[in-house]
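Hi,

Here is the structure I promised to pass on. Have a look at it first, and then read on for what turned up when I went through it.

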Amino acid sequence: MGKDSKSKESGGKGKGKQAAGGSDDSTAKGKGKGGKAADGLGTCTYVKARHILCEKQGKINEACKKLQDGWLSNGDKVPPAEFAKIAAEYSECPSGKKGGDLGWFPRGKMAGPFQEVAFNTPVGVTSAPFKSTHGYHIILSEGRKN
């Protein structure tokens, strides 16, 4: 399953919508039980996240502006239910119909930079928009576990 060969192109940020199956071998290191991850992405094994995926930068910027106007400009965290409404409206990923919910996924399931952002975004925090070969994303981290 082809993964992004230009995964570091935007400063190590951003890649991928939900991978339907398989994983990039270079992102699978650190996958395992407990202990420190070899890829420097923290120590958790699973992340629960929502995301918005748009093909065009202008559309992700509109979604980001809605998040900014509603919560982020005040320093507030975006409630998952509100993020879900914006994901349903803007996301072009099939997960958009479920409010962008990707559920729990293990290290190595998502493609390179998408995984980096997902595993490095603190719980309750919304990532900045980032680019991948699949388009432009915003992630809301909802949980971490080993």
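**What I found**

Let me start with the overall picture. Among contacts between residues at least 6 apart in sequence, 70% join residues at least 24 apart. Keep in mind that this is a predicted model. The chain has 146 residues, and 45% of them count as buried. As for secondary structure, you'll find four helices and four strands, and along the sequence they follow the pattern α-β-α-α-β-α-β-β.

A word on confidence before you zoom in. Mean pLDDT for the chain is 78, and 71% of the residues reach 70 or more. Where does pLDDT stay under 50? That stretch is residues 1–41, and the model has 86 contacts beyond four places in sequence for it.

**The cores**

Now for the inside. The largest nonpolar core has 15 residues, and the ones with the most contacts inside it are Ile52, Ile60, Leu67, Phe83, Ile86, Tyr90 and Ile138. Which elements supply at least two residues each to this core? They are strand E1, helix H2 (57–70), helix H3 (80–90) and strand E4 (135–145). There is also a second, separate core of 12 residues, with Leu102, Ala118, Phe130 and Ile139 among them.

Leaving aside residues up to four places away in sequence, Leu67 touches Ile52, Leu72, Val78, Phe83, Ile86, Thr126 and Ile138.

Helix H3 has two faces. Phe83, Ala84, Ile86, Ala87 and Tyr90 are the buried residues to look for there. They span an arc of only 165° around the axis, so they sit on the same side of H3. Ala81 and Lys85, on the other side of H3, are exposed. And what covers the buried residues of H3? The cover includes E1, H2 and E4.

Helix H4 is another matter. Eight of its nine residues are buried, so H4 is largely enclosed by the rest of the structure. The buried ones are Gly112, Pro113, Phe114, Gln115, Glu116, Val117, Ala118 and Phe119. Take Val117, which lies in H4 (residues 112–120): at 12% relative accessibility, under the 20% cut-off, Val117 counts as buried. Its C-alpha atom is 8.9 Å from that of Phe130, which is 13 residues away along the chain.

**A pair of histidines**

His51 lies in strand E1 (residues 46–54), and His137 is found in strand E4. Are they buried or exposed? His51 has a relative accessible area of 0%, so it is buried, and His137 is buried too, also with a relative accessible area of 0%. The side chains of His51 and His137 are joined by a polar contact of 3.5 Å. His137 has another partner as well: a polar contact of 2.9 Å joins its side chain to that of Ser132.

Pro106 and Thr45 are 61 residues apart in sequence, yet 5.7 Å apart in space from C-alpha to C-alpha. Which residues does Pro106 touch, not counting those up to four places away in sequence? They are Thr45, Tyr46, Gln115 and Phe119; of these, Gln115 and Phe119 are among the buried residues of H4.

Thr43 is the other one. You'll find Thr43 in the loop between helix H1 (25–28) and E1, and at 43% relative accessibility it counts as partly exposed. Along the chain, Thr43 and Lys145 are 102 residues apart, while 9.0 Å separates their C-alpha atoms.

Methods. Residues are numbered from 1 along each chain as its sequence is written. This is a predicted model: local features need pLDDT of at least 70, side-chain atom pairs count only at pLDDT 80 or more; totals for chains, interfaces and linings use all residues. Side-chain values use heavy atoms; hydrogens and water are left out. Buried means under 20% relative accessible area, exposed over 50%, partly exposed in between (1.4 Å probe, protein chains only). Contact means heavy atoms within 4.5 Å. A polar contact is a pair of N or O atoms within 3.5 Å; within protein, one must be able to donate a hydrogen and the other to accept it, and residues adjacent in sequence count only if both atoms are side-chain atoms. A nonpolar core is a set of buried Ala, Val, Leu, Ile, Met, Phe, Trp, Tyr and Cys residues joined through side-chain atoms within 4.5 Å. pLDDT is the predictor's confidence in each residue, from 0 to 100. The arc is that of the directions from the helix axis to the C-beta atoms.
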